[in-house]
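Please walk me through this model, stop by stop. Tell me what to select next and what is there.

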Amino acid sequence: MSTTAKPMIASALDFAARSDTGRARENNEDNFQIAAELGLFVLSDGMGGLDAGEIASKLAVETIYAHCRDADSNPSLAFEGEHVDGASETSNRLASAIQFANKLVRAAAAEGAKTEHSDNGSGGSSGTPKSMGATVVALQFFADRVSVAHVGDSRAYRLRSGEFLQLTDDHSLVAQQVREGRMTEAEAEASPLKNVLMRALGVDDTVEIEVDEEIAMEGDAYLLCSDGLTRELSDGQIAAVLTEMTDPQSAADQLIDLANLAGGGDNITAIVVRVGAKSGSTLGKIGRWITRSGN
Amino acid sequence: MPKLTLKFENAILGEVPVGSKEVSIGRSPDNALVIDNPAVSHYHARVFNEEGRMMLEDFGSMNGTFVNGQRVKMVMLKPGDRVTVGKHTIVVSDSTDLDGFAPVGVGVAKAAAPKINETVMLDTRERREFLQKIAAVGESAQVAPARVKVATLIVRSGKTDRQEYALTDKLTVVGKSALATVKLKGWFAPKAAAQINRREDNSYYIGAADKTPSVNGNPITHPTKLSSGDVIAVAGIEMEFVLRD
């Protein structure tokens with residue numbers, strides 16, 4: 001049985017996810033992974049030329065899942081990176097997984113750089129491009145709470161008793177400026193630099209991960225999403241969907257459809273998780289873990 | 001600044017500084033110095049500052065207040081005086097007077113007073129040193145060493161398991177659940193009444209869970225950043241949020 005990370009005991013988690021290329025891109029560089037038995041939900045938005053982004057985000061979510069899974073059966077597995085003071089073991093393990101993912105994405109980028117160098121430059125698009133990065137946002141439910149860890153501008157939200165709250169602060173240049181009072185939200189929205197990130201996986205040898213913990217309550221709805229969703233839909237629109245559509249799959253589908261209708265300028269991914277006592281949990285039906293199916 | 005050290009038998013239970021605010025002593029939880037013991041009246045006595053002099057006043061308590069063995073009504077206190085309330089001794093000291101006050105952890109204090117229902121307060125000096133050590137460890141690992149402030153919740157009224165809580169965790173829960181930090185007592189206390197988050201920049205935000213807390217009398221409408229001195233009220237308890245260097 002799992003020792004470190006336990007999903008909510010008293011309540012079951014009902015969840016669904018959907019990822020879509022959108023209407024403007026050639027491929028989908030978003031990836032996600034869900035491990036119900038660990039209460040783990042991970043989303044990553046990759047970046048880099050050619051298919052580098054897709055490789056980076058896939059590597060990120062798979063690595064994070066594998067590390068958490070391995071730690072679950074082997075709690076004495078070494079932690080990657082520094083201990084997060086005042087955070088639970090689950091949170092620390094999640095941070096460790098993300099730190100480890102950073103290492104691997106960085107290594108993959110370096111590997112790609114080597115390949116390119118040895119190429120004769122004959123004009124083919126072979127070889128992995130030398131720069132790749134990814135954002136990550138993850139939730140892990142345990143006991144009566146949830147760990148929220150992220151790097152970059154993919155977000156986690158929570159809907160509780162009518163309040164729709166962004167749980168993560170974007171690690172983007174403009175968001176930082178807004179927080180410091182040097183720019184208004186409207187200016188940030190209009191800024192040509194609004195996609196510039198302060199933190200991402202694969203850029204440096206170590207990455208600074210923001211970790212928080214929250215109480216999780218029955219009736220809560222959580223959303224993990226890439227910026228492709230929030231660039232098209234306002235918080236109010238998203239909250240309305242989550243409020244009206246209590247079935248997670250319907251909500252996820254509706255969010256993607258609306259985002260595409262509004263422009264679909266980027267890849268769009270949404271993971272919806274509802275916390276509630278359910279008789280006959282759907283966990284068994286959906287399966288132990290699901291990943292993005294090619295879209 | 002002078003302080004009062006609360007002792008039971010030979011165990012030091014806690015300290016309260018005597019500043020400009022008076023220190024009320026009694027069994028009721030809204031006193032500054034709470035002694036939860038049947039021999040102590042709800043509002044037993046107080047220590048206050050009158051024109052630079054430290055004064056002790058008994059509120060006409062049932063069992064009386066004694067200074068150095070003598071029953072008193074109103075008297076001036078000097079460092080070294082021993083005030084007796086019920087079975088507890090309150091020693092008056094200067095803040096510089098550390099001689100003979102070996103810090104005792106909560107565990108030992110509990111062992112010294114096993115049967116009597118005390119409100120046990122942590123030894124503030126020991127906790128302060130411990131937190132300073134932790135802060136130093138964190139600082140050495142940081143790129144830009146900022147002065148990490150220590151955040152504390154001081155319970156002003158209501159039934160909780162302790163009177164002071166150091167907010168070192170990322171998540172501090174106020175509630176009845178076993179996982180709560182500030183443990184509420186009472187049959188109807190919710191498992192998780194409210195939560196306090198310590199964010200990455202070491203700012204603190206209070207948020208609702210089962211109940212909606214008030215900050216300085218105003219119910220919050222969303223997670224609210226706390227400033228030193230803010231008074232939080234939720235689920236029948238009142239606490240002050242204090243930030244110290």
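The tour below starts with the whole model, goes through chain A, and ends with chain B.

**Before you start**

This is a predicted model: local features need pLDDT of at least 70, side-chain atom pairs count only at pLDDT 80 or more, and totals for chains, interfaces and linings use all residues. Residues are numbered from 1 along each chain as its sequence is written, while chains are lettered from A and ligands numbered from 1 in the order in which they are written. The model scores ipTM 0.85 and pTM 0.68.

**Stop 1: chain A as a whole**

Select chain A. It holds eight helices and 12 strands. Helices (H or I, at least four residues) and strands (E, at least two) are DSSP runs, numbered from the N terminus. Of the 295 residues in chain A, 52% are buried. A residue is buried if 20 or more other C-beta atoms lie within 10 Å of its own, exposed if 12 or fewer, and partly exposed in between, with C-beta atoms placed from the backbone.

Now think about contacts. Two residues are in contact if their C-beta atoms, placed from the backbone, lie within 7 Å. Take the contacts in chain A with a separation of 6 or more: residues 24 or more positions apart account for 71% of them.

**Stop 2: the open sheet of chain A**

Show the strands in the order β1-β11-β10-β7-β8 of chain A: these five form an open sheet with antiparallel pairing. Two strands pair if DSSP finds at least two bridges between them. At the edges are β1 (12–20) and β8 (163–166) of chain A, each pairing on one side only. On average, neighbouring strands of this sheet are turned by 15° against each other, direction ignored. For such angles, axes are lines fitted to C-alpha atoms, for helices over the stretch in contact, and angles run from 0 to 180 degrees between N-to-C directions.

Zoom in on β7(A) and β8(A). They run antiparallel and are joined by four bridges. Here Leu159(A) stands opposite Phe164(A) in β8(A).

**Stop 3: helix α6 of chain A**

Select residues 235–244 of chain A, which form helix α6. Which residues of α6 are buried? They are Ile238(A), Val241(A) and Leu242(A). These three lie on the same side of α6(A), because they cover an arc of only 95° around the axis. The arc is that of the directions from the helix axis to the C-beta atoms.

The face away from the buried side carries the exposed residues Gly236(A) and Glu244(A).

**Stop 4: Ala251 in helix α7**

Move on to Ala251(A), in helix α7 of chain A. Is Ala251(A) buried or exposed? Ala251(A) counts as buried because it has 23 C-beta neighbours inside 10 Å. Leaving aside neighbours within four places in sequence, Ala251(A) is in contact with Val241(A), Leu242(A), Met245(A) and Val272(A). Ala251(A) and Ala16(A) are 235 residues apart in sequence, but their C-alpha atoms are 8.5 Å apart in space.

**Stop 5: a positive phi in chain A**

Select Ala143(A), in the loop between β5 (136–142) and β6 (145–151) of chain A. Its phi is positive, about 50°, although Ala143(A) is not a glycine. Most residues other than glycine have a negative phi. Ala143(A) counts as partly exposed, because it has 19 C-beta neighbours inside 10 Å.

**Stop 6: chain B and its confidence**

The average for chain B is 77, and 75% of the residues score at least 70. Over residues 96–145 of chain B, pLDDT stays under 50. Where pLDDT is low, the predicted coordinates should not be read in detail.

**Stop 7: the open sheet of chain B**

Show β15-β14-β16-β17-β20 of chain B, an open sheet of five strands with mixed pairing. β15 (182–183) and β20 (224–225) of chain B are the edge strands. Between β16(B) and β17(B), which run antiparallel, there are five bridges. Ala194(B) has Ala208(B) in β17(B) as its bridge partner.

**Stop 8: where the chains meet**

Finally, show both chains. 18 residues of chain B are in contact with 17 residues of chain A. On the chain B side, α2 (124–141), β14 (171–175) and β16 (194–198) each supply at least two residues.

Conventions:
pLDDT = per-residue confidence, 0-100.
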